[in-house]
Structures are given as C-alpha cells and as structure tokens.
Amino acid sequence: MRKNKARVAVLVSGGGTNLQAIIDAQKNGVIRHGEVRLVIANKADAYALTRARNAGIPTLTVLKKECGGQREFEEKIAAALEMHQIDLIVLAGFMAILSKDFTGRFERKIINVHPSLIPSFCGAGFYGLRVHEAALAKGVKVTGATVHFVNEIPDGGEIILQKAVKVYPHDTPQKLQLRVMKQAEWKILPAAVEMLSAKIIAE
Ligand code: GRF
C-alpha cells in the first residue's frame, strides 16, 4: 500500500533549532509529505529532546559511553530506525561520527545540514563556530548552508540544496552563525525534507 507520508527520524546532539524548524514546517504546511516519527539524541541533556517531547514526538537517547563501542552504538540507532520503519534520516546538529557500515546501510537515506557552502569550510574539524571563524578569517563575502547526503566522507556526499548568506564587515562568528541559521539552515533543511519525502512516497 502506498504511504501518504514519509517517516522521518531526526538525530540531534544539542539545542535542536534545526529540529524546531522541521517541526514548525510540518505545522505550517511547508512539509506536507513527511512526518517526524522519532528523534534520537546521543546526549542526555540535549534541549532538542525537550523540543521533540513538546511536539509529541517519540524520543530515544543512545549514549556511546553506555555502548560497548561504535558498533553497538550504531546498532542501537539502526534498530530503532528500523523498528519505526524510518524512510529518511536527518542529521540536525548530530555530533557523532557514523561509520561506513552505518552510512552504507542507509545509502541516500541520510541527510545533513552544514553551515557553509560546501566544498568550502567543511570536512573533519569544521563544526559549530569553527566553520564561521574560518570563513571570517579567509575574508569571504558570501557564505551559507548546504544540505547534502551523508556518506563515509565527512561532508562529502552529494549536495541537495544550498543557500547563500552575506558576510558583513563587522561580523563575529556568533553573528554570522545566527544569520546563516536564520536565513539558510532553517529554510533549506525543511525544504530538503519536503522534497525528499515527496519523492519517497511517489516511489
Ligand atoms: C547547526 O549549525 C548545524 O548546521 C550544525 O550544527 C548546528 C546545530 O544546531 N550541523 P541546532 O542543534 O540545530 O540548533
């Protein structure tokens, strides 16, 4: 039987503003073909978990230190995704490494949002404020955000959506981070979820 909504899981570690953007997009009709059915965090105190609970979305916390190693950590996440019959996995500020075993198991089903225009300021070591510090140090006049498929190469999967954001002369990494989130991340991540969800249910 054809589903009417793709089942989406969001993996988080922190504040969850991107998760919130997806939840809001679902409420206001920007996301029509997908529904967040599960939020998984790898940090017990991630505020994203509160956002999920407030929206009535089931949550799961998987702590690496409580697992025997990377394999068991990924196995627990994969088991939950399979149990909830998840079609699309969204990494939204998920600060854990996923091995090739994991990304290969869910090929072209995992997407991530990165706060720069890939291939600039991406890859190992480029996360959080560091991305914006590097952009300012280089003196770029335009930066932005990218949604891409996740494979075994950090920030290396095919690009799905990008949006450019202006850099201003007196920007600080914090100011730039917020502008990139507001103008780009919180827009293109929900847009990518909708685009891929529509594709999934048409399959
Ligand atoms: C975002 O900047 C995202 O691009 C990066 O991590 C940050 C997560 O923020 N991957 P939040 O938890 O969604 O607020």
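Student: What do the buried residues of α5 pack against?

Tutor: They pack against β5 and α6. A note before we go on: this is a predicted model.

Student: Which residues of helix α5 are buried?

Tutor: Helix α5 covers residues 129–138, and Val131, His132 and Ala135 are buried there.

Student: What makes you say that the buried residues of α5 line one face of the helix?

Tutor: Look down the axis of α5. Its buried residues fall within an arc of 90°, so they line one face.

Student: What follows α5?

Tutor: Gly139 comes next, and its phi is positive, near 85°.

Student: Now α3. How do you know that its length agrees with its number of residues?

Tutor: Helix α3 has 14 residues, 70–83. The expected span takes 1.5 Å times one less than the number of residues. That gives 20 Å, and the end C-alpha atoms of α3 are 20 Å apart, so the two agree.

Student: Which residues of α3 are buried?

Tutor: Phe73, Glu74, Ile77, Ala78, Ala80 and Leu81 are buried. Down the axis of α3, the buried residues fall within an arc of 160°, so they too line one face of the helix.

Student: Which exposed residues sit on the face of α3 turned away from its buried side?

Tutor: That face carries Arg71 and Met83. Just after α3, Gln85 takes a positive phi of about 50°.

Student: Why is Ser197 called buried?

Tutor: Buried means under 20% relative accessible area. Ser197 has 0%, so it counts as buried.

Student: Where does Ser197 lie, and what does it touch?

Tutor: Ser197 lies in helix α6, residues 173–202. Leaving out residues up to four places away in sequence, Ser197 touches Ala6, Val8, His33, Gly34 and Leu88.

Student: Is Glu203 buried or exposed, and how do you know?

Tutor: The cut-off for exposed is over 50%. Glu203 has a relative accessible area of 75%, so it is exposed. Glu203 lies in the segment after α6.

Student: How many residues apart are Glu203 and Lys3 in sequence, and what is their distance in space?

Tutor: They are 200 residues apart in sequence, and 9.7 Å apart in space, C-alpha to C-alpha.

Student: What is the phi of Arg108?

Tutor: It is near 60°, a positive value in a residue other than glycine. Asp155 also has a positive phi, near 60°. Asp155 is found in the loop between β6 (142–149) and β7 (159–166).

Student: What makes Asp155 buried?

Tutor: The limit is under 20%. Asp155 has a relative accessible area of 13%, so it is buried.

Student: Which residues does a cis peptide bond join?

Tutor: Ile118 and Pro119, with omega at about 20°. Pro119 is found in the loop between β5 and α5.

Student: How do you know where empty space is left?

Tutor: Rolling a probe the size of a water molecule over the atoms shows it. In this model, the largest pocket holds about 940 Å³ of space.

Student: Which residues lie nearest the centre of the largest pocket?

Tutor: Of its 36 lining residues, Gly93, Phe94, Met95, Asn112 and Tyr127 lie nearest the centre. The lining divides into 16 nonpolar, 17 polar and 3 charged residues. α1 (17–27), β5 (110–114) and α6 each supply at least two residues of that lining.

Student: What is the volume of the second largest pocket, and which residues line it?

Tutor: Its volume is about 190 Å³. Among the residues that line it are Leu88, Arg108 and Glu203. The largest share of the lining, 3 residues, comes from α6.

Definitions and conventions:
Residues numbered from 1 in each chain as written. Predicted model: local features only at pLDDT ≥ 70, side-chain atom pairs only at ≥ 80, totals over all residues. Heavy atoms only, no water. Helix = DSSP H or I, 4+ residues; strand = E, 2+ residues; numbered from the N terminus. Buried < 20%, exposed > 50% of the residue type's maximum accessible area, 1.4 Å probe, protein only. Arc of directions from axis to C-beta. Contact = heavy atoms within 4.5 Å. 1 Å grid on protein atoms, 1.4 Å probe; cavity = no way out; pocket = protein on both sides within 12 Å on 5 of 7 lines; lining within 4 Å. Points joined across faces, edges and corners; volume = space filled by probe spheres on them. Nonpolar A, V, L, I, M, F, W, Y, C, P; charged D, E, K, R; others polar.
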